[in-house]
Amino acid sequence: MKAWAPDQVRGDEEGTLNFTFTGVKKACFAIRAGADHLRCMEKTLPPAGKLWLVGAGPGDPDLLTLRAARLLESADLVVHDGLVGEGVLALIPPHVERISVAKQRSRHTMKQELINELLVRETLAGKQVVRLKGGDPFIFGRGGEELDAAREAGVACEVVPGITAAAGCAAQAGLPLTHREDASAVSFVAGQCKDLTEQDWSGLAGHGRTLVIYMGLATASAIADKLIADGVSPGLPVAVIERGTTADARVLRSLLTDLGDLVAREKVKSPALIIVGKVAARADALDCLGAPGVAAQIRDFT
Ligand code: SAH
């Protein structure tokens with residue numbers, strides 16, 4: 001109480017008392033008045049929505065970040081991709097509204113522009129909107145486009161990173177993407193990408209490098225041919241990881257020259273990742289070349 005006592009009390013001729021406050025006390029009164037004003041405004045303004053671009057990791061729900069798990073609990077609406085696995089979706093409480101905007105390579109159930117509009121509209125309506133995406137939102141996840149849309153609309157938006165497929169799948173396969181003996185550079189490349197038909201593959205694979213190809217199943221054979229034509233050794237080890245980090249994950253290992261055949265022969269299905277480089281030899285994997293001696297060739301590649 002003493003702290004709020006006036007610094008000076010003076011009476012005037014009419015018997016009125018005048019209180020004078022100085023310094024910190026004066027500032028405290030101003031802050032209090034400001035806070036009261038804000039409280040009044042809160043009552044009249046609509047609730048502020050927020051958009052969260054959240055990475056769900058590569059499949060295993062245990063690989064979600066703590067922040068992602070907390071946001072799924074507190075969201076009003078979760079808008080998710082087809083890549084987000086059942087285990088992660090099961091963590092969304094039943095009262096939280098859910099919309100699937102699952103896409104497939106050749107078929108978009110919802111165009112990106114419409115997804116952007118949906119996210120902006122629902123957030124402006126005051127909801128806590130979680131846009132849940134496989135892996136990391138900013139690695140081949142169109143998170144950048146959604147962030148642009150939020151910025152343009154003046155919508156508050158925060159990005160929550162996730163474990164991208166390359167990191168998650170390689171870890172599960174015991175395949176280090178870098179290794180002091182094998183690779184000191186890693187490239188993430190889309191095998192299939194909007195406006196990227198003319199991807200320049202030269203220099204992406206070879207000595208001292210690891211190349212990780214996302215969405216590359218349909219183009220695996222053509223990519224291998226292109227790399228070999230650019231001078232990459234046909235005997236370079238490759239690994240293909242299907243449904244990485246999930247209970248039914250499959251890790252296959254072969255040579256670059258066999259990549260296209262391997263994908264066809266083993267009927268590899270999406271989602272799958274292709275890893276090209278000497279580090280692929282280190283994977284805990286099935287060696288899928290029928291020919292005898294190939295496993296040794298993978299290991300002995302120099
Ligand atoms: N944002 C995601 C990538 C989306 S692109 C991320 O950061 O991981 C989709 C591609 O990711 C798939 O075609 C596949 O190449 C790869 N992918 C995603 N999850 C995968 C998984 N569990 N196993 C193997 N590849 C996966």
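Two strands are taken to pair if DSSP finds at least two bridges between them. Strands (E, at least two residues) and helices (H or I, at least four) are DSSP runs, numbered from the N terminus. The model is predicted: local features need pLDDT of at least 70, side-chain atom pairs count only at pLDDT 80 or more, and totals for chains, interfaces and linings use all residues. Residues are numbered from 1 along each chain as its sequence is written.

The protein contains nine helices and 15 strands. Of its 302 residues, 37% count as buried. A residue is buried if 20 or more other C-beta atoms lie within 10 Å of its own, exposed if 12 or fewer, and partly exposed in between, with C-beta atoms placed from the backbone. Contacts are pairs of residues whose C-beta atoms, placed from the backbone, lie within 7 Å. Among contacts with a separation of 6 or more, 70% join residues 24 or more positions apart.

Six strands form an open sheet in the order E10-E11-E14-E12-E13-E15, with mixed pairing. Strand E10 (183-190) and strand E15 (286-287) are at the edges; each has a single partner strand, so one side of each lacks a neighbour in the sheet. Strand E12 (residues 237-242) is antiparallel to strand E13 (residues 250-255), and six bridges join them. E12 also pairs with strand E14 (residues 272-276), in the antiparallel sense, over five bridges. Isoleucine 241 has valine 251 as its bridge partner in E13. In E14, isoleucine 241 stands opposite leucine 273. The bridge partner of glutamate 242 in E14 is alanine 272.

Six of the six residues of E12 are buried, so the strand is largely enclosed by the rest of the structure. Both of its faces are covered. Pro237, Ala239 and Ile241 are buried on one side, and Val238, Val240 and Glu242 on the other.

Helix H7 (residues 220-229) buries Ala220, Ile223, Ala224 and Leu227. Seen down the axis, these residues fall within an arc of 100 degrees, so they line one face of H7. The arc is that of the directions from the helix axis to the C-beta atoms. An α-helix has 3.6 residues a turn, so residues three or four places apart point the same way. The buried residues of H7 pack against strand E11 (208-214), helix H8 (259-265) and E14. Glycine 231 follows H7 and has a positive phi, near 105 degrees.

In helix H2 (residues 66-74), the buried residues are Ala68, Leu71 and Leu72. Their arc around the axis is only 105 degrees, which puts them on the same side of H2. The face turned away from this buried side carries the exposed residues Leu66, Arg70, Glu73 and Ser74. The cover over the buried residues of H2 includes strand E3 (50-55), strand E4 (77-80), strand E8 (128-133) and strand E9 (157-160).

The ligand is surrounded by 23 residues, of which the closest are Gly135, Gly141, Thr164, Ala165 and Gly244. Helix H6 (165-172) and E14 are the elements that give two or more residues to this shell. A residue is near a molecule if its C-beta atom, placed from the backbone, lies within 6 Å of it. The shell has twelve nonpolar, eight polar and three charged residues. Here Ala, Val, Leu, Ile, Met, Phe, Trp, Tyr, Cys and Pro count as nonpolar, Asp, Glu, Lys and Arg as charged, and the others, Gly among them, as polar. Domain 2 (50-163) and domain 3 (166-297) both give residues to the shell, so the ligand lies between them. The domain bounds come from an automatic or database domain assignment.

Notes:
Two residues are in contact if their C-beta atoms, placed from the backbone, lie within 7 Å.
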